[in-house]
Amino acid sequence: MEKLISVLIYLIFIVSAPLFIGIVNKLKSRLTGRLGPSIFQTYFDLKRLLRKETIYAQSASFVSRIAPVVSFSSILFAGMILPIGFYKPLISFNGDIILFAYLLGLSRFFQILGAMDIGSSFEGMGAAREATFAVFAEPIYFFTLGSLAFIFKFTSMYDIFHSISLNDPSFIIFIIVSAISVFFLMITETSRMPVDDPNTHLELTMIHEVMILDNSGLDLFLYQYSSYLKMLVYATFAADFFNPFNVQNHIIGFLLYIIILLILIGNLVWIETMMGRFRMKNIPRYLLFAASIGILNLLIYTFFNK
Amino acid sequence: MENVLNILFCLSLLYLATTTRVDAYLKVFVLQGILLFFIVIMPLINRPSVFTLILPVTILLVKAIMIPLYIRKKIIIELEVKRNIESNLQQFNFLLLTVFSMIAVFISSNMLAKYTYIDAIPFAAAFSTIIIGLYIIIFRKKLIVHVIGFLVIENGIFLLGISVASEMPFLIELAALLDIFVVVFLMGIAINKISSTFSVDDITALDELKD
Amino acid sequence: MYLILALLGLPLLTGAVFFVFDNLKIKYAFSIIVAAIHLAAACLVFSGSNVPDFEQWLRFDALTKLFLLILSNVYFWVMINSYQYLFFSPVAKPEKSRKIFYNMTNLYLFANTLALISNHLGLYWVALESTTLCVAPLIYYYRDKESLEAMWKYLFLVSVGIAFAFIGILFLTLSMHGTDAFEKGLYFSNLIANSTKFNMIWLKASYIFIFVGLSTKIGIAPMHPGEVDAVSNSPSPIAALISASLGGTALMGVLRMLQITSKTPVYQFSQIMLIVGGMASLIVTVVFMFRLNNYKRMIAYSSVEHLGIVVLGLGIGGIGFIGAMFHLIYNSLTKMALFFMAGNIHRNYKSREIHNVFSLLKDLRWTGILFLLAFLAVVAMPPFGIFFSELMIFQGLLANGQYVLLSAVLFFLLFIFIAMSRNVFKMMYGSTKINEAEINQTNKPFDEKLNITHLSTAVILCVLIAMGLFIPPALYNTVSEIAKSFNF
């Protein structure tokens with residue numbers, strides 16, 4: 001029975017991924033004084049892409065054909081590891097925090113491969129940038145979640161997030177600080193505003209968008225969908241830091257999760273509206289800053305809480 | 001709870017190593033002053049009296065209000081200091097250096113805590129603060145940033161004093177605070193004069209005296 | 001009680017009241033009176049008058065007595081001569097600077113005296129920091145680029161250095177943890193009595209921080225630049241104050257630390273630190289003596305050298321320690337003489353460059369002769385006191401069997417002597433390379449009259465010779481009492 005609910009929840013999760021971005025876009029428009037598209041606009045976009053024909057470049061090899069599928073499905077898998085609300089995730093075993101990181105890594109890897117495969121110079125540039133920032137973004141994940149794993153002596157995502165409690169007041173700060181780190185990670189990995197502008201129209205300034213310039217039809221659909229999904233996966237990951245707090249009830253847990261996601265959306269929109277884009281050469285610095293927060297946590301809590 | 005404040009102190013240092021704005025430096029300094037106020041006042045909460053409150057309130061007054069106001073009004077606004085700190089070292093490398101120094105300090109203070117009477121986290125936080133203050137003085141060019149680096153060192157020393165539980169007589173603490181304020185006051189005057197006579201306000205201007 | 005008022009109350013009161021009125025002559029007269037009263041009080045303290053210690057806050061042991069006398073003596077002479085330099089300034093008279101001159105010197109006297117007689121490490125620190133604050137505006141006396149830069153560097157370097165000394169003080173508290181001394185606080189008497197029970201690692205760390213931090217203010221290598229810039233760009237009275245009295249005050253902290261460590265295993269380490277500092281100063285002086293072209297900087301570096309020798313003597317211990325104490329006294333006298341005369345040269349030639357000064361003996365007869373004599377004193381020529389104190393330090397080196405160190409010191413001193421005499425004789429006898437017309441313009445006879453600076457310099461030099469030949473028994477007793485308190 002519980003398995004069935006988990007599956008159901010995960011299905012809702014997948015389906016509502018475009019909605020999440022839709023809400024973000026809508027709110028962003030309203031905050032800048034525009035009416036903005038409907039929150040379901042992302043669904044219409046996806047539907048349109050499905051109708052279109054898939055065209056491959058002449059220079060494309062089989063890599064371009066499998067890249068979107070691999071990329072999409074690895075993110076789909078990664079999402080199964082995350083606890084949503086108080087529900088037990090579909091996949092959960094000791095060490096799944098590593099799997100989570102590498103599933104997302106695999107997705108990015110294939111996206112980069114697919115971009116390089118075509119041989120367009122713009123896409124190569126985008127791929128190089130994506131790879132560079134990934135190098136700086138990865139430590140954020142490992143230091144943040146690694147410190148959590150050290151503290152609780154668990155290596156499964158579900159166990160870690162379910163042992164967070166508020167008994168120690170210094171923990172609140174720790175959680176908030178980690179969530180800030182993860183928020184940085186989310187912005188980088190999903191190419192949002194201060195790091196990368198998803199709405200830019202100049203190829204030279206793009207990071208993520210430039211990689212899928214040559215894709216169309218079903219492939220583009222998969223890429224778009226996986227980017228929506230990735231957004232929700234990371235948002236859930238950030239929300240999980242606040243989520244359980246010893247709430248044992250499933251329904252309340254789920255509601256809390258939704259509320260936290262909404263707060264997260266609020267923050268994201270606020271930052272995207274208020275901040276200009278970082279200069280490309282300054283991005284590694286900010287990523288290192290986020291990673292060093294994780295290092296600090298690791299230092300403080302592994303050495304001193306014995 | 002005191003650990004929370006110390007962690008926030010460390011975070012403020014990381015931010016100091018990341019940002020490139022003079023204004024942000026000043027804001028971080030204000031934040032540190034407020035944190036110091038809370039750190040000092042925390043043990044006094046159980047036995048409140050007017051006498052014990054004098055020191056924390058003076059700290060708040062000097063470090064979070066008077067010095068920042070003086071620097072902002074008399075230097076940053078009056079001299080129209082450009083908002084960018086001039087650095088000898090790329091910001092990314094500076095941050096790396098900071099992080100590695102902090103790791104070294106934390107590990108060594110953890111080792112020290114095993115056989116001496118120190119509180120590991122405040123001690124490590126204090127020492128990282130002193131070291132990062134020094135780095136700021138070494139690697140930045142702007143004189144006003146040097147002053148803030150000096151103040152950061154002073155904050156670190158104050159934190160160190162708390163972490164080693166050194167009970168200086170009350171009047172000496174006040175006199176030390178007054179001294180620091182006068183130092184900053186004089187440095188402010190000096191920067192004022194320097195920027196009017198040299199027409200730049202960074203350390204590269206000061207190379208008249210050498211052998 | 002009256003003595004405390006004379007030593008602390010009067011200078012503070014005078015310094016504060018001087019902010020109210022402007023008349024420079026009245027300020028001068030009052031300052032001399034204050035200085036004379038202070039000197040008298042210091043002499044009384046020196047001769048063993050009873051002074052209250054204000055619940056252990058103040059301390060009057062042999063060390064304090066000696067250093068107080070040095071400070072008071074320097075201050076007295078500086079005050080007497082200051083008027084000359086204030087009114088016949090080499091650059092356009094800086095009105096603003098003159099207004100605060102006597103205020104600041106009086107406050108400086110207060111802060112410096114407080115630092116010397118304090119029995120509490122924290123009080124010493126605060127007072128020492130205040131001396132920096134009092135001196136810094138005076139370094140900026142001429143209000144030009146160089147003095148501004150010198151003031152900034154001095155203020156900044158010394159402030160950071162003193163901040164480091166404070167870290168050392170905190171480490172000292174750390175080393176006291178767990179002993180009963182911890183409850184009693186950072187009083188020198190308490191620290192010296194209980195030092196054997198301290199944690200040795202922290203005591204060592206504390207010594208390193210305090211020594212390195214204070215050496216910015218003592219002016220020994222490698223922390224000397226702030227001090228050298230300050231001394232060479234400030235007016236002569238201030239230069240004399242900084243180099244002849246302030247260095248000693250900062251050295252006092254190091255001496256107290258040495259006293260604390262003297263019974264512990266850290267003592268050997270602290271001696272090595274002192275010797276390293278002293279040798280580094282000598283090396284730095286040798287290197288820069290050959291490169292510089294500014295006679296005030298030359299004297300400043302000579303001050304680095306001599307404080308280096310003092311520190312070296314302290315590190316050697318035994319007879320070397322006694323030599324170092326005498327060297328400190330003689331050095332303070334010699335530095336005053338040199339700076340007074342350098343001030344006269346600067347006033348007349350309007351330049352601090354060596355190559356702009358020539359045929360000094362002919363043009364400025366009195367100044368020339370006295371400068372030459374002071375130079376002979378500072379390079380340790382026999383009838384002058386410095387010769388004998390250096391001899392004592394060498395004796396200490398010999399007694400310890402450190403022949404390599406001794407030969408190195410002699411070698412460095414020889415080269416410093418060569419470099420300094422090259423510069424000084426160029427000033428005394430050299431002729432200029434500038435063409436004839438300019439010579440006629442600049443080389444006009446200065447028509448120097450004998451004034452108070454010459455008289456006081458002559459007196460100082462006579463005292464220096466007299467003390468070299470015949471050490472007053474009171475002084476000798478005090479120095480041997482100091483040595484006894486260091487277990488020699």
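Trainee: Is the crossing in which α4(C) passes α11(C) left-handed or right-handed?

Mentor: Keep in mind that we're looking at a predicted model. In chain C, helix α4 covers residues 95-117 and helix α11 covers residues 236-261. As α4(C) passes α11(C), the crossing is left-handed.

Trainee: And are α4(C) and α11(C) roughly parallel or antiparallel to each other?

Mentor: Two packed helices are described by the angle between their axes and the distance between the axes. Here the axes of α4(C) and α11(C) come within 9 Å and cross at roughly 30°. Angles under 35 degrees count as roughly parallel. So the word for α4(C) and α11(C) is roughly parallel.

Trainee: How many residues of the contact of α4(C) with α11(C) are nonpolar?

Mentor: Let's go through who takes part. From α4(C) come C:Y108, C:N112, C:A115 and C:L116, and they meet C:L241, C:S245, C:T249 and C:M252 of α11(C). Sorted by class, this contact has no charged residues and 3 polar ones, and the nonpolar ones number 5.

Trainee: Stepping back to whole chains, which pair of chains shares the most contacts?

Mentor: There are 2 pairs of chains in contact.

Trainee: Which element gives the largest share of the side of chain B that touches chain C?

Mentor: That meeting brings 31 residues of chain B into contact with 33 residues of chain C. On the chain B side, the elements giving two or more residues are α6 (143-163) and α7 (170-197). The largest share is 12 residues, and it comes from α7(B).

Trainee: What about class: how many residues on the side of chain B that touches chain C are nonpolar?

Mentor: Take the others before we get there. On this side of chain B, 5 residues are polar and 5 are charged. The nonpolar count there is 21.

Trainee: Now for chain A. What is the radius of gyration of chain A?

Mentor: Start with the build: chain A has 10 helices and 0 strands. The globule rule gives 19 Å for 306 residues, and chain A comes close to that, so it is as compact as a globular protein of that length. Along its principal axes, the C-alpha trace spans about 60 × 45 × 45 Å. As for the radius of gyration of chain A, the value is 19 Å.

Definitions and conventions:
Residues are numbered from 1 along each chain as its sequence is written. Chains are lettered from A and ligands numbered from 1 in the order in which they are written. This is a predicted model: local features need pLDDT of at least 70, side-chain atom pairs count only at pLDDT 80 or more; totals for chains, interfaces and linings use all residues. Two residues are in contact if their C-beta atoms, placed from the backbone, lie within 7 Å. Helices (H or I, at least four residues) and strands (E, at least two) are DSSP runs, numbered from the N terminus. Ala, Val, Leu, Ile, Met, Phe, Trp, Tyr, Cys and Pro count as nonpolar, Asp, Glu, Lys and Arg as charged, and the others, Gly among them, as polar. The radius of gyration is taken over C-alpha atoms; the globule rule is 2.2 Å times the number of residues to the power 0.38. Axes are lines fitted to C-alpha atoms, for helices over the stretch in contact, and angles run from 0 to 180 degrees between N-to-C directions. Angles under 35 degrees count as roughly parallel, over 145 as roughly antiparallel, 65 to 115 as roughly perpendicular and the rest as oblique. A crossing is left-handed if the near helix is turned anticlockwise from the far one by less than a right angle, and right-handed if clockwise.
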